[in-house]
Amino acid sequence: MQDDSSHILSDPGDRAGEGNAAASGPRALFRDAQRQPMLSREEEMKLAHLAVQGDQAAADRLVASHLRFVIKIARGYRSYGLPMNDLVQEGVVGLLQAAGRFNPDRGVRFATYAMWWIRAAIQDHVVRSWS
């Protein structure tokens with residue numbers, strides 16, 4: 001799975017480089033994360049099975065629907081003095097890793113599984129930034 005999540009959140013009305021530089025910044029990410037619907041357990045499992053079979057659109061939807069979860073976890077690391085945008089970006093890297101490794105047949109919700117990958121990516125970034 002690629003680490004480029006820009007296509008997940010792209011909105012045809014928000015074009016970076018068309019005079020609105022703020023549209024591609026952290027506020028746009030937070031706004032787009034809030035727009036994504038929460039998935040039911042059944043929807044999540046269906047998307048996860050499709051993603052495992054190679055359906056990129058299903059993987060994108062699964063990741064996009066959990067962006068608000070990344071933001072929530074990243075907020076817990078603000079006290080380390082790093083920019084919130086950096087924390088969220090690292091959290092998205094962890095979310096993408098989780099999406100690539102998730103096994104829906106284990107009976108665990110994706111958010112529970114992804115939480116560990118998101119935290120690991122953010123914690124790794126915090127340690128690298130302090131070194």
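**Group meeting: a helical protein and its packing**

Read along the sequence, this protein runs α-α-α-α-α-α-α. That comes to seven helices and zero strands. Helices (H or I, at least four residues) and strands (E, at least two) are DSSP runs, numbered from the N terminus.

A word on the source. This is a predicted model, so local features need pLDDT of at least 70 and side-chain atom pairs count only at pLDDT 80 or more, while totals for chains, interfaces and linings use all residues. Residues are numbered from 1 along each chain as its sequence is written, and side-chain values use heavy atoms, with hydrogens and water left out.

Now the overall picture. How much of the protein is buried? Buried residues make up 37% of the 131 residues. Buried means under 20% relative accessible area, exposed means over 50%, and partly exposed is in between (1.4 Å probe, protein chains only). Next, contacts, meaning heavy atoms within 4.5 Å. Take the contacts with a separation of 6 or more: residues 24 or more positions apart account for 66% of them.

On to helix packing. Two packed helices are described by the angle between their axes and the distance between the axes. The axes are lines fitted to C-alpha atoms, for helices over the stretch in contact, and angles run from 0 to 180 degrees between N-to-C directions. Under 35 degrees counts as roughly parallel, over 145 as roughly antiparallel, 65 to 115 as roughly perpendicular, and the rest as oblique. For handedness, a crossing is left-handed if the near helix is turned anticlockwise from the far one by less than a right angle, and right-handed if clockwise.

First pair: α3 and α4. Helix α3 covers residues 41-52. Its axis and that of α4 come within 7 Å and cross at roughly 135°. The two are therefore oblique to each other. The crossing is left-handed. Which residues meet here? From α3 come Glu43, Glu44, Leu47, Ala48, Leu50 and Ala51. From α4 come Ala58, Ala59, Arg61 and Leu62. The residues of this contact divide into seven nonpolar, no polar and three charged. For the classes: Ala, Val, Leu, Ile, Met, Phe, Trp, Tyr, Cys and Pro count as nonpolar, Asp, Glu, Lys and Arg as charged, and the others, Gly among them, as polar.

The contact includes Leu87, Gly91, Gly94 and Leu95 of α6, and Tyr113, Trp117, Ile118 and His125 of α7. Its residues divide into 12 nonpolar, four polar and four charged.

The angle is about 45°, and the axes are 10 Å apart. That makes α5 oblique to α7. This crossing is right-handed. Phe69, Val70, Ile73 and Ala74 in α5 meet Ala111, Met115, Ile118, Arg119 and Ile122 in α7. The count is eight nonpolar, no polar and one charged.

Back to α4 for some detail. At its start, a side-chain oxygen of aspartate 55 reaches to within 3.1 Å of the backbone nitrogen of alanine 57. Which residues of α4 are buried? They are Ala58, Ala59, Asp60, Leu62, Val63 and Ala64. Aspartate 60 is buried because its relative accessible area is 15%. Aspartate 60 and alanine 99 are 39 residues apart in sequence, yet 9.1 Å apart in space, C-alpha to C-alpha.

Buried or exposed? At 5% relative accessibility, serine 65 counts as buried. The side chain of serine 65 reaches the backbone oxygen of leucine 62 at 2.9 Å. Not counting residues up to four places away in sequence, serine 65 touches Gln36, Pro37 and Leu39.

Last stop, proline 37. Where is it? In the loop between α2 (26-35) and α3. At 44% relative accessibility, proline 37 counts as partly exposed. With residues up to four places away in sequence left out, proline 37 touches Ser65 and Arg68. Proline 37 and histidine 66 are 29 residues apart in sequence and 9.0 Å apart in space, C-alpha to C-alpha.

Conventions
Polar contact = N/O pair within 3.5 Å; in protein donor to acceptor, adjacent residues only side chain to side chain.
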